[in-house]
Amino acid sequence: MQTILETAVKKGFKEIYNINLESVEFQGTNKDFEGDITIVIFAFLRFIKGNPVEIGTKLGEYLKENVDEVADFNVIKGFLNLVISDAYFLKTFNTIYTTENFGIISPNINEKAVMVEYSSPNTNKPLHLGHIRNNLLGYSVAEIIKASGKKVYKTQIINDRGIHICKSMLAWQRFGNGETPESTGLKGDKLVGNYYVAFDKAYKEEIRQLISEGKTEEEAKKQAPILVEAQEMLLKWEAGDEEVVSLWKTMNQWVYTGFEQTYKELGVDFDKNYYESKTYLLGKDVVASGLEKGIFYKKEDGSVWIDLTEDGLDEKIVLRADGTAVYMTQDIGTAIERFKDFDLEELVYTVGNEQDYHFKVLFLILEKLGFDWAKNLYHLSYGMVDLPSGKMKSREGTVVDADDLIEEMTNTAREISQDLGKLEAYSTEEKENLYKTIGLGALKYYILKVDPKKRILFDPEESVDFAGNTGPFIQYTYARIQSILRKADFDYTQKITTLSLHEKERSLIKQIQLYPEIIQNAAKNHSPALVANYTYELVKEYNSFYQSVPILGCENETEKILRTQLSSKVSGVIKSAFQLLGIQVPERM
């Protein structure tokens, strides 16, 4: 519509004022005034002197006479509000109604792909609340980019090596008595996480003992026997010691099996896993090459650095004096590896905002190394998630476990649903599935509706409210529409071309019409919040429509058909949008 109007406005201005306009500024019409789209007349005053109301009136008259879609107009100060014809809205809706997967563009397999990295956990503890936001964001962004027409690969890099892994391994050797996930009934990631906590407890006890023997706190921290032994274990792992490597493989597999269960519960997946144990040596050859080219420099102790002070950053180490890699070295190498493995256009890193500086440095180094694709690297930075109880510390075992939170959300949904008392006719299995759908929907929506950059204070009970901007409220509207459609005992698929539309029908069509644009904007901005909040606005618009006009009880057959079609399409868009957020919708509720 905007394209038609822009062409007509430029033509009208040429005919009325003999002026060639470069552009036309449109905006949505203020809800206090009649109209569907507004032209900003003030923007024309740099081309023509005159009264904005008079200019708007002349232009409005021209458009009404020359553009079939313009049914009427009004001018409020410097704004020309256009009323678009019912015929246009009906034609638009007919196209939308008959379009399968409306708003979704199939990926072009011949184009370069986008890779989205998310999750990327350590194998010494279970996934926690912070991982939940990371996973939900990364997965949803990947789905949205795919829906916008891009080929997408989902990936993670698993931090499966290092001193923290050895801490869990050593604690299991000392205190585990050979227990396994099978013998304890614990998920593997939880079992390994318990030993990470056990290590910290033993380590602190040894520090206290050494201090009591006259050591300083700094000396005690370095000399605690359990830490020294963990460091020796890491050296053995790096040297390929069979016993250490075998235990490492066994305990990591326990964790992977546990992670898989959590990923399945969360509804996220990956196309490719990278493992730090296989990537930690990558990048060293790139540093050597960069050193030759003068991009990096060597200090007296033999360590290799890059000076980014002219770019507003600082000096950054890329290789230690003993020749071992730092995280930056690995990240340089892994990025290069990924662009070799896949034909990528863009690489998105879903990582918390405490790593903002790291990614600025990484992207700049890759640019200086001459990789053209470095400009297409994107850090999807997000704020932390807090609970009312405060911050989490994994070493002390006070982390909010992802599995526990998922279970708590299901329980909260169960309690609230039972209080509302609407599920008497459901079987026990149906109820349990519904509680999980509502609980997870509440959790995901509460997190994804917030702009990624903002920190979240997550309140489980507030998220499961059946009113307001929540997942359950939207799920309930979807289920209500399904109930209407089940009761529709007539053919409502026929095309409606002539009808005087109710204002609520027009508003609903306008809201549905925005969906493809929302997907494209959300993909461009890497923001599921745009999809989430659009869906809430659509649901509010539908509920206003539902309360204002009869649907199945409508006496006019044509109106009844259109209103049922509108209901059907709204439910389709809700389901589609929620799929992009990784949220299921219940058929009954």
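**Close-up views of the predicted model**

The protein has a mean pLDDT (the predictor's confidence in each residue, from 0 to 100) of 94, with 98% of its residues at 70 or more. This is a predicted model, in which local features need pLDDT of at least 70 and side-chain atom pairs count only at pLDDT 80 or more, while totals for chains, interfaces and linings use all residues. Residues are numbered from 1 along each chain as its sequence is written, and side-chain values use heavy atoms, with hydrogens and water left out.

**View 1. Salt bridge between K190 and D403.** The side chains of K190 and D403 meet at 2.7 Å, N to O, in a salt bridge (a side-chain nitrogen of Lys or Arg within 4 Å of a carboxyl oxygen of Asp or Glu). K190 belongs to helix α7 (residues 188–212) and D403 to helix α15 (residues 402–420), so the pair ties together parts 213 residues apart in sequence; helices (H or I, at least four residues) and strands (E, at least two) are DSSP runs, numbered from the N terminus. Both K190 and D403 are buried (under 20% relative accessible area; exposed is over 50% and partly exposed in between, with a 1.4 Å probe and protein chains only).

**View 2. Salt bridge between D269 and K154.** A salt bridge of 2.8 Å, N to O, joins the side chains of D269 and K154. D269 is in the loop between α10 (242–266) and β7 (272–275) and K154 in strand β6 (residues 151–158), so parts 115 residues apart in sequence are tied together. D269 counts as partly exposed at 38% relative accessibility, whereas K154, at 5%, counts as buried.

**View 3. Aromatic pair of Y515 and Y534.** The structure holds 27 aromatic pairs (rings of Phe, Tyr and Trp, the last by its six-membered ring, with centres within 6.5 Å; planes under 30 degrees apart count as stacked, over 60 as edge-to-face and the rest as tilted). Y515 and Y534 form a stacked pair, with 5.7 Å centre to centre and 20° between the planes. Y515 counts as buried at 0% relative accessibility, and Y534 at 4%.

**View 4. Surroundings of L82.** In the largest nonpolar core, of 153 residues, L82 is among those touching the most other members, together with I39, F44, L63 and I512. Such a core is a set of buried Ala, Val, Leu, Ile, Met, Phe, Trp, Tyr and Cys residues joined through side-chain atoms within 4.5 Å. Not counting residues up to four places away in sequence, L82 touches residues including L5, I37, V70 and F73 (contact: heavy atoms within 4.5 Å).
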